[in-house]
Each structure stands twice: as structure tokens, then as C-alpha cells.
Amino acid sequence: MSTPEPKTNGAPKIGVYVCHCGVNIAAKVHIAEVIEFAQTLPFVTVAQEYKFMCSDPGQELIQKDLREGRINRVVVASCSPLMHEMTFRRATAEGGQNPFFFQMANIREHVSWVTADGHQATEKAKALIAAAVRRVAFHKPLEKKRVPVHPHVLVVGAGIAGIEAALKIADAGKKVYLVEREPTIGGHMAQFDKCFPTLDCAACILTPKMTQVCVHPNIELMTYSEVESVEPYDLRNFKVKIRRKARFVNEDTCTGCALCADVCPVSVLSEFDEGLGMRKAIYRPFPQAVPNIFTISRRGTPPCQAACSIHQNAQGYITLIAQGKFKEALDVILRDNPLPSICGRICTHPCTVNCTRADVDEPLSIPGLKRFITDLFPNYKLPQPAVERPEKIAIVGSGPAGLMCAYELRQRGFHPVIFEAQPVAGGMLSVGIPAFRLPRDVIKAEIDRLKEIGIEIKTNTPVGTAVTIEQLRKQYAAVFIGIGAHVERKLKVPGEALPNVWGGIEFLRKVNLEGPFKLGKKVLVIGGGNSALDAARTALRCGAEEVTIVYRRTRAEMPADPKEVEAAEEEGAKMLFLTAPKAILGNKETGVTALECLKMKLGAPDASGRPAPEPIPNSEFVLSCDAIIATIGQVPDLASLGGKLGIEMTKWGTFKADELTLETNMPGVFAGGDCVTGPDVVVNAMYAGKKAAISIDRYLNKVDMRAGREHEGPYRTEYAIDTSGTTVQRQIPMPAIELARRRTFDEVHTGYTQELAIAEAKRCLDCGICCDCRLCATICEAKAINYEMKDEIEEIVVGSIILATGFKPFDARRIPRYGYGKYPNVYTALEAERMTNSAGPTSGEIRLRDGSKPKAVGIIHCVGSRDRNYNSYCSRVCCLYSLKLAHLIKERTHAEVYNFYIDMRVPGKAYEEFYDRMLEEGIHFIRGRVAEVTDHAMTPDEEGKLVIRAEDTLIGVIRRIPVDMVVLAVGLEPQADADEVRRKFYISCGSGGFFLERHPKLAPVQTFADGIFIAGACQGPKDIQDTIAQAGATAAEALVLIDRGFVELEPNTAFIQEELCSGCKTCIPLCPFNAISFNAEKSVAVMNEALCKGCGTCVATCPSGAAQQHLFTDEQIYEEIEGVLSYV
Amino acid sequence: MKYLYYPGCSLKGTNRAYEESVLAAFQALAIEVEELEDWNCCGATAYMAVDEMKSFALAARNLALAERQSRADGPTLMAPCSGCYLVLSKTQHYLEEYSEVSRTIDGALQAARLSYSRKVHVRHPLDILINEVGVQTIAQKVRQPLAGLKVACYYGCQIVRPYAAFDDQVNPTTMDRLIRALGAETVDWPLKTRCCGGSLMGTLQEVGVPLSYILVKEAQKRGADVVATACPLCQFNLECYQDKMSQQFKERLQLPVAYFTQLLGLALGVPERRLGLHRLLIPLPYAAKGRGGAHVHA
Amino acid sequence: MSEKSLDLTPQSPSLKGRGSSPPSLGEGAGERSREPRIVAFFCTWCTYTAADLAGMSRMTYAPNARIVRFMCSGRVDPQFVLKAFQEGADGVLIGGCHPGDCHYQAGNYNALRRYTLLKRLLTEMGIEPERLRLEWISASEGDRVQRVMNEMAEKIRQLGPLHLEPAPRHVPAKQLEAVAVGQQGGAR
Amino acid sequence: MSKPKVGFYWCASCGGCEEAVVDLAEDVLKVVEAVDIVFWPVALDFKRADVEALRDGELAVCFLNGAIRTSEQEEMAELLRKKSQLLIAFGSCSHLGGIPGLANLHDRESIFEYVYRQAPSVTNAEGVVPQPATTVNGQTVTLPEFRDTVKTLDQTVEVDYYLPGCPPPVKLIVNAVMAILENKLPPTGTVLAPDVALCEECPRKATKPDKLALKELKRPHQILMDPEQCLLAQGLLCLGPATRSGCDAPCVSANMPCTGCLGPTSRVKDYGAKAMSAIASLVDSEDEKEIATLIEQIVDPVGTFYRYSLPASLLHRRVRNLTHSPFPQGKGSPPPSLGEGQGERSGGAQT
């Protein structure tokens, strides 16, 4: 075991020095008693008191005793070691002794200031001194370690504080990284018009500095970037990862010409103008922004586009329609969809399901808008393929799947040939969907367009008979099968074979191909899907007098599109729910005469999640009828393909195809659409066609068919959108022909007019912000726009970090009684600032929302400050900026301006004078916290005004001041993510949530993390003057470190006595700095003291006590524990 | 879920209409309500002013009874009268926060062979309707939309202050949301929680009457057909003193003041008599389309 | 340091009968009036600084706790806690940075792990677990220091003194002589 | 010249330590050759009187095993101390208290109550418990008094050296005897065993991962043990890292985790606390609840970490009858009331 070993002689000689700290200690602790006690302590040779030990004479006492050999160890009982330990260590050293033969007893912060009773305080002081004495006897001489400081500096936040600090350091010739999360530097100051108290223009001070930053050779500016992580690089320096957020504009090539913003169709509220003005989706916060580069705000794929199986960019063409840019809209549509005029009519538009607008009122009529464009340009052309390739590809079936597949392949240069069994192309589109929903000429036009770009279609060519799959496989590079599902499911009830019992598709096909025919007076349609409705409505058009839809569940469970259901009802179709067919009655001669039905009731949910219908026993009843149409789904017509194809099937009688690639078990043969999924909607068939085309393309190019295809097909977007405050405005119904005409096959809906279309399009909420219309790319001469840009992570190493992350203004909505967000003419100070700014949204005019000039304006101070309910601290700047605003408002509007204050706090050079000047200018000051802002008028002169109710505490009455405009002097709060940020940088937040300085007086810009400094409002509310001063201070701190080149570290590192270590490795995982490693050939743990930061966790853990910590050895601590408990 | 119901004195007396409409409306919504057995004075006004501890004791007894009567763990005690609501809530709060109150009251309860383990949730019907039943559900059950009726929702002071348990202290919106769900329009006015005069009406009328007047006048000015209240005293002050106001301020005031539950019942198609609408001194305007329909379902 | 190093330290003679173990000799039931004794192990970055802040803010609180400063709550060896109890403490308070705030990243989690096990141990050895308390107090929470110090003192007062049975280790006389003449014993 | 006289004695112990001596096997002859055993109740028929008859310090060495539990054991310890030049605490019980020491978790009354009354195997209708003195037809029969607390040897008399282990490994005994004979003894107070932890000589050392983290704490019967891999790595509470080496890890070699019979190294004051600290620190979680649940998996912490060293622990034991006595209030200043000084807060004012 070690013994005290002063360099002089055997026994320790300890000097105890008790500080009065003026009266701070002496007034509470009985110094004399303490001294007397100290003298009785072991090895104590000197026990003295002094008024201020930290003063030179105080330190001299110590040094003298040391020099003259009276003592060789020092205990000072005074303030906190965090305050003066360094001071006294230095004194000890200068006294010729190792500085670590010193120990401090904190009898001020921990005793005299916190103890009520003098006696108890004295006792506590004694105990702490006893502990220090016993501890210091075991101190050992130690050397401080020197670590080099990396010369580069990181400044986080480029408001005025960050800019100032960066410039100072850069001017000193050091490298600075300046990181700013916004697209431009300048921070809040850039938003201001004038600065108090001099009323000089903020821009004039700031903009030169901003440009300087931009051009300074020593500053590497990273805007629109955020610090991702900060890790220790070595003992003292930092490895910082910085996220360069994707701007989608190339910083090097963008010239800031602003042409893109002119063409951009999307306008959103401008953050920089505090929402008083608008900006485009591609933007630059303000003309003088630095760097002068544009940025595209993209929130991500809009929900509508994500929900669409073929990812049709709906927001894109909708926004363009709203702007009247119809041609451009068409181009956007054709980007992803070759059959828009069909989709615009009969797509079940899953896009509208996720439409954010639905949270407000109703989704947009997305298909209606698409249709509007296609109607507007009946003769539009499909894009010609850019490349040509020799391969021919066979496509079986000309339904949406086949057509889409063909189109996609053609665009890739292939030559698709479509084989269609029916006389007309279009598959289910042509045979299954009635003309009054989808006019034949529309289908024809679409198919002709496809032919125009070189897609061959062979109708009346059934594969399997005319030509076999085998042949196709031989003659074509690949085959896609999209034969749909055309074979009717059977009802499986007696009498199904009777005349005038139709399958839905069978019936529709007959009408579609051969025209309407007489069915009979009373027609029953069985089923609840879209085809049931089509059949019913077609039946009506075939002259049936009474058409009834019989469905076994209820309206709620009908799979059909509700709009179609309504339409059918309008046209006179009846519905009979909870009814299932039991038998079809009639005979060969009469044909069907009636349907025997069973009543049903809803039971537990089935596989589809819908309640399963259960028959009610003995509830049979009979419905007389002349014809029955059963529409209960279809299956693919596999027979037609000619028996055995060798293509694997599922138990539902559909083709088996790989989910991701749609390839069948036959290489080169792909299948998709209804023949794989069973009956499904058009857009999903198209999706299948596209999917197959991609696979085929990859198949023929011999590249992996599976890689990176996760994002094909529908998905839900994560981000949420705040729709509060959106005014309700329901969907504009699409014009339709009058009911009378709905017995013909004329198309029912006539489509939007331009006015209606634009109005409907304007309802879009721009979910994705940028609508991806790509107009900007077309206009940008510098070709700077890159939609594929991704966030990038940059890694740097720095020796010091300056945090200048600023503040966020208090959210005035939190105090409803001041009416912000309720009364339009209640503004926040920052909004007022923007209004006063000549470059602002009102170009410097102070205006009410209706554009008129205010005659009276009230400014309410301390909004969110000095208030226990919100922030109890004073925000320091509000009084003065309120004065400034008062002046500017009065100057520009000659309005009466009232300041409602609690106390005027105008400390600072020339501030009081500024205040006086405002008084002279005739601005009114009312002393009293405002109770409420209300539009409740009690007298005629209050009518139509905002009334500010406040107690005037100087004259002691409640006053009601009617004004036109209210400005809320909102306080300063820490940034919303301050807590997250300070964790990143290993520092703490103080009360109020602002970053905590190391010492309020002695170290106001340092933090508890070495080498990390704080400047400006992130440390606490302060004005520009103080901010700049503080920024300078941080710069100085950083420069000191760099110029000295090293720091001395507290030698409190841990060490392992290797000869005593058993190599149990318990300590190794516990070291957060990986300072401990296992030495295989010594078979012990070894400490890399260069990496040790001195927490001592390993020491506390070492099960055999082989690890110890300098300055905190077990024995030193035991001594201290015994000491504090050695009560006298 | 079954709710315990604490009527308090006024709902059994002058303001019977409130009780009638609460019970009828809840029944129409198929919400079970069970009256607290052997309840006593909640301890409001006079008591609270003179001797807090006594009024806590009174309130605590009710709470203890509630715990005993309900099988549920943490039963809900519904108090429509905002006076009762406040005192019961306050007592609950003090029992939890202040040990000495807690000790004294426990002693008092013991003397009455009662015990209270602080489990009761005191809630106002408005809270229950909005946060338990939900606006959508209610909207679905509306049979006679109050289309065309313009309602000024008046919350009074006590259900949002000092305990803003379910709504904002300054600009509450729950009642507005409810009333809108019934198909009526609500007028946006700033006096939702302004003082109605309270008990000053009885003690210092020259102060009380003007306070009520401010409210009625503003509601009328903003085009309200009716003021909806959630408090017996407010209803009483605003309705009964309109003649006095008219004399004092030389203008004719004839603005009906109804309980929000009466409007709710009306929209749900409960017959008028069961809602105590016949007790109103100033009858509801015919504007309430609900009336016609109400009889159909009577 | 050897088995008996405890009493082999040079200053032992001059410390005899004061503070050095066993301290509670002669204490127990009939001891003279005394206040609850608490030892507080505070980490320098958060809790110790918070205690300084409490001082600067002049928040007076119960004087019972004596603060021992560590660099990190992770340095607090359970032995120190037991040592404190053995030396006559009635309660021990450990203070560290909030989870996630440790100046050394994870030291406080180790404090938490040891504390959790130690508490079980104390309970099984018939010592009220409330006598040991772990608190996360950040540098800005001076008021929390005040509150915790007061609560702790109050708690310990309720629990009464912790009486541990003295367990004297007998030191061979010849060793004592050796020490008295200033040599050192027990060095390995 | 006459051979040095040696004594062996046992107090509260199981006899295993004697076995250990016998385990010296043929070496025992060397010993017998070298020394003259004058007192060894287990092996040879000597009486206390024979010891009393010896001159003070006549015994060169006395090896005493077992903890001190009864008045008789105290007397014997004092007697032998007086008669011996070197008194050696032999085995875990006399060194640290040993298994008998766990009795300190209870007091005499509860022990008697169980052992003589409650235990299922007991038939004791009258509920008689041992008495220091009983009168049987005029004659007084005495029994040694059963103390309330189990003590280590050095809590009873001065001890010169310690031979740790349960029982002490033969190797260590031999070394000790040789050291005595060759008069090559270290400073008194030393534990006569290597001062490095067991991992050093553990056959499984190489298999221990550099960064061990315990997600689960198991007991030997709960798992199928890997005969090669470090037991801690297998989630078993092996206390080797905290325990002195010198035994060549026979338990670990036999698939049993080390339970710590050789006690702590010289740097450690409290075996249990230190071992606990190491184990707890390895718990792989930063979540308060999860940590608690993981720690809960340790069955019987005291029995686990203080299996051999409870009487020697820093806490020693609580004085039972005194618990919950209030703080004596004499002239002492009044207790500060909770929240005292709340009013005096002057938000962050500094001088």
C-alpha cells in the first residue's frame, strides 16, 4: 500500500486554509471553531484563516508556508473546486510543491450558502475539511498530459452569431466549417428591417458579412445541412458527420437566375416572410440569400401518386391544371399512362382514397381532371420510342394488361405483337364495360394511338387454336399472357341452364358486340360488384321496365363503387339486400319465370374481412321475373389456350406467376392481370402489364429481374400534413346528361368545363410540395436541376466547435386569450418585422389583412415571457424591439401606438435614451399585463375593433383600448430541437432549456464539454450587440486553443496494475472510449491512458482491484468517506 | 359503460329542466346513467366560502358513496351542475395534493364509517359526450337536425376554470363542436367563459344584472337564436333577468337560454316535454326544425 | 495494500478513537443526540454542479448530507456505499447525470445496474432499501438537489439510525509497534 | 534440538479442513517429520488440559479452522492464541466466516426456533432449546453458549496469517508449511495465496469474449454446459474474476462456476460488493425496467456473493433489536423541516 510521500521528508505536513469569502462563508460558519478543529487533525501543521484565499495575499500564505517547509500538502476550505481548484493548484505549484498535493473543501456552495443553521453549517464544514485532510495525505504527485488540438473549427448555425464567429476565426487564418440547416445563412437578423437602438438597417450590417462568409477562402460554407453526429476523434478532438440535405439543385451550376421560380406552378407560404407572403416550391428564401442558390422543397411522393398502382403523378397534372397549363398537364399524364382517357373514365381511382383533402372535406376528382385534359386534346399522340431494338414480343390478350405491357415494351424499343381472340381489341374494356360509361370511340382512339407508335394487334386470333404458345415461344423473344378472366362463375343453383338466364359478362359482351336486345320487363341482377351495376344499367337501357339487384349482404358490404351504386339507383334500379338465390324457376318453354330466394343475415367476418352472410332458415320467398343476370365473378378462359400449356396453375384456376417478376414456370413466358389475380380493376391490370414489361426488358438484357423492385406498386406515404385552417370546399360534381337520356348508350358524364376543372384542381393541397411537373428542369439553362439528388453525409475532423443555433420565437397560439390565429389582425412581432421590411411581403407598408392602414395599434409585451405558465425568464429583447416597432409603425402609419408592459427593461448603452425618444414621439405606455384581446364591443367606438383589456396599474383602473392591429411581443425560446442538439454535442441545457454555460460568470461561453463553445441566443435570450460580442468571445476561445496547439488534461486517468490483473476482461466492454484492450501474450487487460477520459467506471468494476484511477484511488476515497463521517 | 350521476340541489329544484334533459338525452344515446344513492350537498358556494374543510368533507362523502356504489374500479361520477362539478373536482384534487386535508377528511369519513381511496373520476356531461361518445356517433344519431338554428355556446366559468380538464380555459370549443354536430350553427363570440354574474345576482344585483346583460346583448348582437348553457346558475341568471335588463338598459331583450342537453335531446328527437323545454320562460324559436319532427317520434 | 492496511496507514495512531473504523463504537441505543448522517456521492458534471447551483441560488436545505465528489457516478464502487454505512452513515445518496446525458456516455448506466443489485442485497441483509437512493440530477436542477436532500433527510429521520454491529479486526500488537516507529507494514 | 510444536483445532466448521490436511497424503509425513503435533482433537486424543498445560507461546504454529460461533470456541481461540507464536486462520470459515457465517442473516432465537422446534425432522414436544446451564438432579450441567453472531477468527483474536479456501488447496498448505519451516514468511496479516484473481489460472480463460454482456443470468442446472467455454460467457454466475487464485480452478474444470471460497484479493475490502459490482456492470441493458428484471434472475444475492464472507463483510450485520429506534434528540438543533428555505430561493443570484 502507498503512503503519503511528499518530496521533502517522511511524514506529510498538511496546511489547512479556511476562507471567509468576505461574509459569504464567515457569516454562517464559525471560522475560529473550524480552525481549532483543523489543528487537531492528523498531519496538520498549519491551520489558518483568511478573508479571501483566492486573492494574491491569500495564495501567498500558502506559497510561503510551502517554501518555508512548514507544510508539504495543502487543503483550502472555500468555494467550489469547479471555481478555484485550478487557482490553488497553481499556488501550490508556485510554492514549489506538486500541484496535486492539494485538495479543496467546498464550504461555500455546499455549506454556508445552503445551510440555515450556523451550528450545523460549522459541523458540516468541519466534516468536509476532515475529509479533505485525510484525502490529501494520500495524494501523489501527478503530471498533466498534453494533447494536440486540431486546428479546424466547426461553427453550427449561421445566424449573426455564427457568421461573426466564423469570420473572426477565418480572418485569423484558420479553417472554419460553417453549417446552416436553412438554405441560406443570415438567421433571424436577415428578417429584420431596422435594429435598435440606432435604427440602422439590419440588411446593411448583415448582408456584407454574409457575402464575406460566402467568398472567404478559409470558410467552408455548408447550407441546407445538419450535423448528424459528433464522435470523439481522439482524446480531445471531434469527428463530425454532416448531412448535406438534397437541394435537388446543383450548388455549383445554379446561377440563381430565378427563371425556375417563375415557371414553378406550386406556391406555398413563405417561411422567411412568416407566412405573410408566398414562395414557390423551388425557391430562394429572399433575393439576397447566401448562397444565391435555389432549393426545391419536396416532402416526398404525394399520397395519391403512391396509392396508384402505376404511380401516375396526379399532383403534377392537377397543379398544372390549376395554373391553366393544360398542355404541360397532358405531358405529365402521358409520362406514366398510355390509356389516360380510359382511366379518366372507368378507373376505380385508388388515388382518391388517400387524398389528404379527404381529411378536410372530400378527395379531389382526380380521374375527372385527368379525363378533362384528355377530352381537351382528343388528338394527342403518345411519345415515340427513343431507341429501337430488333426483338419481337408476343402478347396474348389486348386488355389493359396487354396494352400496357405492349406500350412499355415499345417505349423500350421492342416490337410487341398482340394476339386478340375477339373481333375488337381492348379485352374487358370493350366487351365487359358498357358504352355509356366508356364510349367505344374512346377505346378505339387509345388503341389507334398505340398502333401509331408501332404496336401490332391481331384481332380474331385466338391463341391455342390459330396459333399455339409453343409457336409463339419459338417465333418471339418473349411472351406475355394477359388473357383476363372472361369465363363466368356459375350460381350453382337449379335452373341455371334455363333460357334468359345470363352471365353478367356474357350479357354485356352480347350487348357490346351485337347491340342492345330485348330482355323482358322484369330483370333480376344477382351480385354486388361493379359488373352487377353495369348489367343492371345496361338492362334498363335494353328496355327492361323493372330491374332489381339482388345481393346477399347489405349496401355497406357492396364491393361496387358507391358513386356507381347511386347512379344506378338514380336511373331506377332497385336493390334487394340480404337476399340469396336458392333456385331458378321456369321451364324450357317459358324460360325463367321466377327466382326463389332465401333471406340472409350478417354473421362473423369472413376472409375478406366482410361479415359473412348466413341464410335464415325457412325464409324462402319467390321473385317473379323475365330474365336473370348473374354477375358473381369470372375465371380465366384457360381452355381457349388449348388444354395443356405446361404453365403452372393455382387452385383458383389462375396462372401461377412470380409475384415480383410475373414470370411463369416457363422461362420467357410471363403472365399478369386478371388471369393471374382473378377479376380486378383496370389500373391493376395495367400495373401487371408494366411489371411484366420491366421483367421482359431485364430478361432480354440478361440482368437480374428481381433487384430493386420494392417500390413498384401501391404503398402509403408516412408523412402527415396539417390541414387545420383549410376552408371546407366540397368536390365539384362532374356534369352528367339528364336522367331522361339515360335510357340510351350515350356517355352519362360529360366531363368538366375548363372553369370547373381549374376550380376543382385548385382544391389540391400540394401534399408533396414540389409536384414533380419538371417545368423548372425544362427552363433551367444551367441544367442545374437534378430530381434524383440524395442526401449526402460528409465527415470532418475539428478541434473546437462553436454552437450558434439561435432561438425560436414563442408560439403565440399558446395564449388563446390574445387571439393570435383567431383574429386576423393580431400579429406576432416577427410578422410585424417582415411588414416593416421594405423587402418584405408588404414592401414595408404596415397593413391590416384587408390592406387598409391601422389607425391604432397595440403592442403587448412579455408574451410568453415572465410568466410562470409559459417561460418565467425575461426575454430581454422584447421591450426594445417593441419600442422599435412602435416607432416604425407610427412613422409609417401615423397610428396611435400603445405599449402594454409589465416593466420597461431597457438596460444597455443608449437604450434608455431610445426609450426617452419614443416617449417624446408620443407613443403611449400602459403599465399592466393584458387580460385579453377581444372583438367584443361594448361601446360604439369599439365596434369592428380589437379591444385590448388591461389593468393600468399606474392609475389602478381596468382599461379597454380599441385598436385595429395588435402586435404580440413574443419572447425567445430555445430551438425546438435544442435538447436533441445538446445531446449530440455532449453539453447540457440550463433552466429554460437554453444551452448551459460552464460558469455564469467565469466561463460564459464555455460548456462542460472541452472545446465546445456557445454563442448567441442558443445560450439565452440576447440582442444583436451582445450576440456579436459573445460570438467574438467564442472565436477567441477557439483561437486560443488552436494557437496554443494543445490542451492539458486533468491527470485523472485510470490505470491497470498489470502484474495484479487476472485478465478477466470485465472492464473492457465498459469503457465507452475503447481505452482498454486485452493483451493476448501478457494475457492481461492494458489501458491506453491516451484514450482514457477518466470516468473510473472500470475501476469501480475491476473485481480484483487491479485497476485504479489517479486522483480517485480507492484509498483516497475511503479516506474521504471516513473523513466526512468522522463527526466530532 | 354505466355512469354514476350526481344531480345536486339545483337539478332537483329550480333547474329541473337540466336534469330532465340530461337524462332524456343520455337515454336517447343509449348511455346508462345511475343516480348516486343518498347523495348530499356538494359543498358549493356558501360552504366553500366560509369553511373549505367542511365543504371538502361534504364533497368527499359523495365521492366515497360513489366508490361504494359502483362496482367499477375508478368509477365516473357525472356532475352536470358546474358548481358541483367544480367542488367535487377541487376536493379530489386537494385530497390528492394536500396531505393535511387528506388526513382530516379521511378522519371525517371514518367517523361516518366511510372510506375513500381517491378512485372516482369526476366528469361533466359535456366531457363525456365529446370524449367518450364522440361527435361522429352523436351526429349519426341525430334525427332532427337543428338546421338554421344559430346557437351561442356559453360555458360559464366553472367547468373550465381552474381545472381545464377537457377544454381550453379561454376559448373552449367542446360545446360548439357538439352543437354543430346537431346541424345547428354556432356563433363565434369571445364571451364563452365571461362571468354571468353568479351569486352576485342575489347579493349585489346592480353588479350582477349588467354582467348578465353583457352576455345576452353580445349573443343577440351576433345573431344567436338561443344561448346554450352548461350551468344551472348561468341559465337562471341569463334567462330570468332579461326583463330587468330590458328595463335597466332600455331595450327589448327576448333571447331564449337553454341547456345544451335540451338542444341535444331535441336533435335526437326526444319529445319537448321530456326535455323540460316547457319550463323555459322564453320559448325556443321555431327555427329549430327539430320541433316539428320531435312530435313524430313522441 | 494488505489485509490490515486499514489500520496500518501512517496516520492511524493519531486517528485512534476518531472516525477511523469502527466509528460506531460506543454508539447505538444510548448515544448522544445526533442528526441523520448521509453521504452523497455526486458526479462532478451534473449533480455536483447542480449542488453548486443550489448554493449560488441560496436554496437552503437539510445539512445532513456530506458530498463526496466523483468524476462520474460510474466510479461509485458498491464498496464505497457499504463503507459509508460501516462508517456510521444512515443513508447514502448517489447522484448522476440523466440517462443519455452522461459526460462519459454510459457511466451512469453502470451506476444504475450496480444500484439495482445493491438495493436487493441491502434488503436481504435487513437494511431498509430507502437508505440508498439514486437520483439523476442535471447541472441545471439546483432545486432538485434541494428537494432530494430534504426528502432524503426526512426519510432517514423516519427510519431512525442504522445500527450496524461493530466488527473489530484484531491487529497483532507487534504490528502496531512497527507502525509507531514510523516504518511501513503490509507493503506488497 | 526439539521439533517445533504444532496444533490443529476446529471451531464452527464441517471437518473438511481436516480432510484437507489428510489430503496432504504422503506429504503429511514430511510435515510430521518436521514438526511435533501436540494438539489435534480430530486425529489424536488430546484434551484442552494438555493445551492449558503448555507454556505461552510454546506452540510454534496453530492452524485453526472454522468460524467462531460459541463461547467455547472463543475460549479455545483465546487459549490457542496465547499458547501460539503464529496463529493461522485455516480455511474460509476462520478467514471470512464461511458457510456458517450465513447464519448472520438470522439471529439466535430464530435459529433455535427452527432447528429445535420448526424443522420437520424434529420431535421435541417440550420445545426444549439448548441452555448454557441446566440443573439435573442437583447437578448443574453446562453447555457452551451459542452466540447471536458468527465471527471470523480475526474478529475474535489476533491472527497472523490466513490460509484461504474451502478447504484450503493442498498446494497452498504445503507452501505455507514450507514457508514457516524455512522462516520465509511475508509480513503478518497476509493471506497465504496468490494475490491475483482466479481467471489467471482458469482453463477456460482463452474462451472468454473480449466484450462480454449478460442478457440472461442462469444457474448450472438450467443449461447444458459447454465444457470448454467461459462459464460467465454462458450466463453462469462464475465469481472467478473476483476470487483469489491458488486452487487451479478445480470447480470450473468440473463444470461448476467458482463460488469464491478463497475470498477477495488484498485490494478488495468487501468481497460481495466487488463481485456484485463486476457482475452487475456486465448486465446488457440501459433500460431501468429491463435491468431490474435481469437482476431479478439472480437467485439469493447474499448467498451468491457472500457465500463465504458474510461475517467479514463491511456491513457485518444489523443490530437487530436496535432497528427503528428514533434518532436521539438531545440539545441537538431541531431537524430542518422539508422544503425549508423554499421561500429564500433567489433564482440564481450570485455574488
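Some ground rules before we start. Chains are lettered from A and ligands numbered from 1 in the order in which they are written, and residues are numbered from 1 along each chain as its sequence is written. Because the model is predicted, local features need pLDDT of at least 70 and side-chain atom pairs count only at pLDDT 80 or more, while totals for chains, interfaces and linings use all residues; side-chain values use heavy atoms, with hydrogens and water left out.

**Chains B and D**

Here are the overall figures for these two chains. Buried means under 20% relative accessible area, exposed over 50%, and partly exposed in between, using a 1.4 Å probe and protein chains only. Helices (H or I, at least four residues) and strands (E, at least two) are DSSP runs, numbered from the N terminus. Accessible areas come from the Shrake-Rupley method with a 1.4 Å probe; for residues, only the protein chains shown count as cover.

| Chain | Secondary structure | C-alpha span | Buried share | Accessible surface |
|---|---|---|---|---|
| Chain B | 15 helices, eight strands | about 55 × 45 × 30 Å | 57% of 298 residues | about 12300 Å², 53% from carbon and sulfur atoms |
| Chain D | 12 helices, nine strands | about 85 × 60 × 55 Å | 52% of 351 residues | about 15700 Å², 56% from carbon and sulfur atoms |

Chain B has a radius of gyration of 19 Å, which agrees with the value near 19 Å that a compact globule of 298 residues would have. That radius is taken over C-alpha atoms, and the globule rule is 2.2 Å times the number of residues to the power 0.38.

Contact here means heavy atoms within 4.5 Å. Of the contacts in chain B with a separation of 6 or more, 75% are between residues 24 or more positions apart. For chain D, that share is 74%.

On to charge. Lys and Arg count as positive and Asp and Glu as negative, with His and the chain ends not counted; each charge is placed at NZ of Lys, CZ of Arg, CG of Asp or CD of Glu. In chain B, the mean positions of the 32 positive and 29 negative charges are 4 Å apart. Chain D carries 34 positive and 44 negative side chains, and the centres of those two sets lie 3 Å apart.

**Who touches whom**

Four pairs of chains touch, and chains C and D make the most contacts among them. Chain B doesn't touch chain C, with their nearest C-alpha atoms 15 Å apart. Chain B doesn't touch chain D either, and there the nearest C-alpha atoms are 13 Å apart.

Helix α11 of chain D (residues 288-296) has D:Ile291, D:Leu294 and D:Ile295 as its buried residues. Seen down the axis of α11(D), these fall within an arc of 100°, so they line one face of the helix. The arc is that of the directions from the helix axis to the C-beta atoms. An α-helix has 3.6 residues a turn, so residues three or four places apart point the same way. D:Lys289, D:Thr293 and D:Glu296 are exposed on the other side of α11(D). And what covers the buried residues? The cover of α11(D) includes α4 (107-124) of chain C.

Start with A:Met104, in strand β4 (residues 102-106) of chain A. A:Met104 is buried, at 7% relative accessible area. Leaving aside neighbours within four places in sequence, its contacts include A:Val76, A:Cys79, A:His84, A:Phe88 and A:Ala132.

For contrast, look at D:Ala206, in the loop between α8 (170-181) and α9 (250-253) of chain D. D:Ala206 is exposed, with a relative accessible area of 74%.

Next, the backbone. The peptide bond from A:Val290 to A:Pro291 is cis, with omega near 0°, and A:Pro291 sits in the loop between β15 (282-283) and β16 (295-296) of chain A. D:Cys166 and D:Pro167 are also joined by a cis peptide bond, with omega about -5°. D:Pro167 is in the loop between β9 (161-163) and α8 of chain D.

A:Lys702 has a positive phi, near 55°, without being a glycine. A:Lys702 is in the loop between α23 (682-700) and α24 (754-761) of chain A and is exposed, at 74% relative accessible area. A:Lys783, likewise not a glycine, has a positive phi of about 50°. A:Lys783 lies in the loop between α25 (775-779) and β33 (792-798) of chain A and is exposed, at 61%.
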